[in-house]
Amino acid sequence: MSRVALVTGGSRGIGAAISVALRDAGYKVAANYAGNDAAAAKFSDQTGIKTYKWNVADYAASKAGMAQIEADLGPIEIVVANAGITRDAPFHKMTPEQWHEVIDTNLTGVFNTIHPNWIGMRERKFGRIIVISSINGQKGQFAQVNYAATKAGDLGIVKSLAQEGARFGITANAICPGYIGTDMVMAVPEKVREAIIGQIPAGRLGQPEEIARVVTFLAADDSEFINGSTISANGAQFFS
Ligand code: NDP
């Protein structure tokens, strides 16, 4: 049986690597994206993975997008909530708009991605929910009060969902990547990026494929007892 996997933000960066890794592991993959049609078309041409456009911050649009995937591929049994954005500013300069945009996409977006699938997963007695959090949700980060709040929130979401879903064969786990070489990190000024790399004992940025590896591990049928966990993949960046 080939299970259906949804990856939000699955057309670029970490999400694209996750989509490809799940496809290679034998899943039927649907990759969501927000608005970059050119990147999504290129990704789809290169990989053969079908892309679906909606804004994860919009519940009705999320539900409609997933209904389309189910009509095309079948019930969604693996949900990877990966889509995320940053709107960085030191707190004294952070605007309510920057706060809400990040909360709506990164936190409410995770609710919107999981919730429409929850009842079906309970009924089918199987589900794998994997949320891409961040090292900055574990330790906080200068100029990322909004982002760190959402990524810490992810950890509460999976711990709670794990307790509700365990007896239905549903697992919910979070991955906390360190700094990975995607557009999001390459947008940081080079000087800042060099300083970040200086703090990583591995001496380099991570690769999207190194996060995808954790996703395929958690998505597997025989990973059922790994539930409510947070897995760090950060090149040995320790923090208290
Ligand atoms: P990218 O910016 O490279 O890619 C983001 C992807 O998410 C794109 O496919 C984008 O679609 C999609 N997306 C953004 N907003 C929305 C939305 N509202 N609705 C639907 N899709 C959306 O990000 P990364 O690959 O770097 O990050 C992926 C995840 O990993 C994020 O949650 C991020 O917070 C997390 N993370 C990243 C780290 C890093 O170092 N890169 C470190 C730790 C965590 P489109 O192409 O249409 O814009």
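Q: Is the crossing of H4 and H6 left-handed or right-handed?

A: A crossing is called left-handed if the near helix is turned anticlockwise from the far one by less than a right angle, and right-handed if clockwise. Here the crossing of H4 and H6 is right-handed. A word on the model: it is predicted, so local features need pLDDT of at least 70 and side-chain atom pairs count only at pLDDT 80 or more, while totals for chains, interfaces and linings use all residues. Residues are numbered from 1 along each chain as its sequence is written.

Q: At what angle do the axes of H4 and H6 cross?

A: Axes are lines fitted to C-alpha atoms, for helices over the stretch in contact, and angles run from 0 to 180 degrees between N-to-C directions. Helices (H or I, at least four residues) and strands (E, at least two) are DSSP runs, numbered from the N terminus. The axes of H4 and helix H6 (residues 145-165) cross at roughly 20° and come within 9 Å. Angles under 35 degrees count as roughly parallel, over 145 as roughly antiparallel, 65 to 115 as roughly perpendicular and the rest as oblique. H4 and H6 are therefore roughly parallel.

Q: Which residues of H4 and H6 make the contact?

A: Two residues are in contact if their C-beta atoms, placed from the backbone, lie within 7 Å. H4 contributes residues including Trp 99, Ile 103 and Leu 107, and among those from H6 are Tyr 147, Gly 153 and Ile 157. Ala, Val, Leu, Ile, Met, Phe, Trp, Tyr, Cys and Pro count as nonpolar, Asp, Glu, Lys and Arg as charged, and the others, Gly among them, as polar. By that scheme, the contact of H4 with H6 has 7 nonpolar, 5 polar and 1 charged residues.

Q: How do H3 and H4 cross?

A: Helix H3 (residues 59-73) and helix H4 (residues 96-124) have axes that come within 9 Å and cross at roughly 50°. That angle makes H3 oblique to H4. Their crossing is right-handed. Tyr 59, Ser 62, Lys 63 and Met 66 in H3 meet Asn 112, Thr 113, Pro 116 and Asn 117 in H4.

Q: How many residues surround the ligand?

A: A residue is near a molecule if its C-beta atom, placed from the backbone, lies within 6 Å of it. For this ligand there are 31 surrounding residues, the closest being Gly 9, Gly 13, Asn 36, Gly 84 and Met 184. Elements giving two or more residues to the shell are helix H1 (13-24), strand E2 (28-33), H4 and helix H7 (183-186). The shell holds 14 nonpolar, 15 polar and 2 charged residues.
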